[in-house]
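Have the viewer open as you read.

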Amino acid sequence: DRISLIFTAADKRLYVSNDNGAHWKTQCKVRGTIFCVAIHPKQSGTLLMGTEMGLWKSRDNGVSWQPSSQGLPSGAVYKVAYDTHNYSRCYALMSSGLYKSENSGESWTRIQVTFAQEALDLTEPEELQDSEESTDDLPHSFFVDPRTGALYLGTTHGVATSTNEGS
C-alpha cells in the first residue's frame, strides 16, 4: 500500500504529512520565504520549491535541496508547476516572466507572452480599473490545465491561453 505525502509551506518551513493532514512535521527550514512547492507527478520523492532565494529541487521528499536555476535569472520564484501531460515539462513564474523547462527543472528558457488581439477583452468595469496603467505583458499568475495541458497566463492585459506549451 503506497503512502501519499502532502506538502505545504509557511514562511521559511516546508511541512509534510503522511496521514492526510491529521499531523504535520517540519521537513526542512530554508533561508528566505517559501512561495510554492510542486510535486513531480511520476518521480516519487521529487519536488520543486520556489523561494525568495530562487528555485530548488529535491529528490528525497524535501529532506535535501539543490539549486535548479540554470537559465533562470536570480530572484524569487513565486509559482512552479509540472505539466501532467508531459512529466518532464514544468513552469516557473518570476517577476521577470514565465519560464519553461523540458527536463524536469534542470534548465529553463523564458516564454515570450504574446496575445491574439481577438483574445483580449480590455474593457472592465470602472471599479476594477487600475488608476495607473501598466504596459508590461509579464505573467502575474498561471495555471496548467491537468486535463488538457493548456497553459493559461494572467497578465495586466488579460488572460492568454496556450495549447502549445507556451511556444
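## The nonpolar cores

The largest nonpolar core has 13 residues, and Leu48, Leu55, Leu72, Val80 and Trp108 are those with the most contacts inside it. Two or more residues of this core come from each of the elements β4, β8 and β9. A second, separate core holds ten residues, including Leu98, Ile111, Val144 and Leu153. A nonpolar core here is a set of buried Ala, Val, Leu, Ile, Met, Phe, Trp, Tyr and Cys residues joined through side-chain atoms within 4.5 Å. Buried means under 20% relative accessible area, exposed means over 50%, and partly exposed is in between, with a 1.4 Å probe and protein chains only.

Leu72 touches Leu55, Met94, Tyr99 and Trp108 when residues up to four places away in sequence are not counted. Contact means heavy atoms within 4.5 Å.

## About the model

This is a predicted model, in which local features need pLDDT of at least 70 and side-chain atom pairs count only at pLDDT 80 or more, while totals for chains, interfaces and linings use all residues. Residues are numbered from 1 along each chain as its sequence is written, and side-chain values use heavy atoms, with hydrogens and water left out.

## Overall make-up

The chain has zero helices and 14 strands. Helices (H or I, at least four residues) and strands (E, at least two) are DSSP runs, numbered from the N terminus. Of the 167 residues of the chain, 38% count as buried. Among the contacts in the chain with a separation of 6 or more, 34% are between residues 24 or more positions apart.

## An open sheet of four strands

In what order do the four strands of the open sheet stand? The order is β4-β5-β6-β7, and the pairing is antiparallel. β4 (34–39) and β7 (66–67) stand at the edges with a single partner strand each, so one side of each is left without a neighbour in the sheet. Two strands pair if DSSP finds at least two bridges between them.

Within this sheet, β5 (residues 47–51) and β6 (residues 54–58) pair in the antiparallel sense over five bridges. Met49 has Trp56 in β6 as its bridge partner.

Ser68 lies in the loop between β7 and β8. With a relative accessible area of 4%, Ser68 is buried. Not counting residues up to four places away in sequence, Ser68 touches Leu48, Leu55, Trp56, Lys57, Gly105, Glu106 and Trp108.

## The β8–β9 hairpin

β8 and β9 form a hairpin with two residues between them. The two strands run antiparallel, and six bridges join β8 to β9 (residues 86–94). Val80 has Ala92 in β9 as its bridge partner. In β8 (residues 77–83), five of the seven residues are buried, so this strand is largely enclosed by the rest of the structure.

## Rings and a charge

The structure holds three aromatic pairs. One of them is formed by Phe35 and Tyr78, which are tilted, at 5.0 Å centre to centre with 50 degrees between the planes. This pair links distant parts of the chain, with Phe35 in strand β4 and Tyr78 in strand β8, 43 residues apart. Rings of Phe, Tyr and Trp (its six-membered ring) pair if their centres lie within 6.5 Å; planes under 30 degrees apart count as stacked, over 60 as edge-to-face and the rest as tilted. Phe35 counts as partly exposed at 37% relative accessibility, and Tyr78 counts as partly exposed at 40%.

The charged end of Lys79 sits over the ring of Phe142, 5.0 Å from its centre. For this, NZ of Lys or CZ of Arg must be within 6 Å of the ring centre and within 35 degrees of the ring normal.

How many disulfides does a search of the whole structure find? The search finds zero, with a disulfide taken as a pair of cysteine sulfur atoms within 2.5 Å. Cys28 counts as buried at 10% relative accessibility, and Cys36 counts as buried at 10%.

Ala9 lies in strand β1 (residues 6–10) and counts as partly exposed at 29% relative accessibility. Leaving aside neighbours within four places in sequence, Ala9 is in contact with Leu14, Ile34 and Val37.
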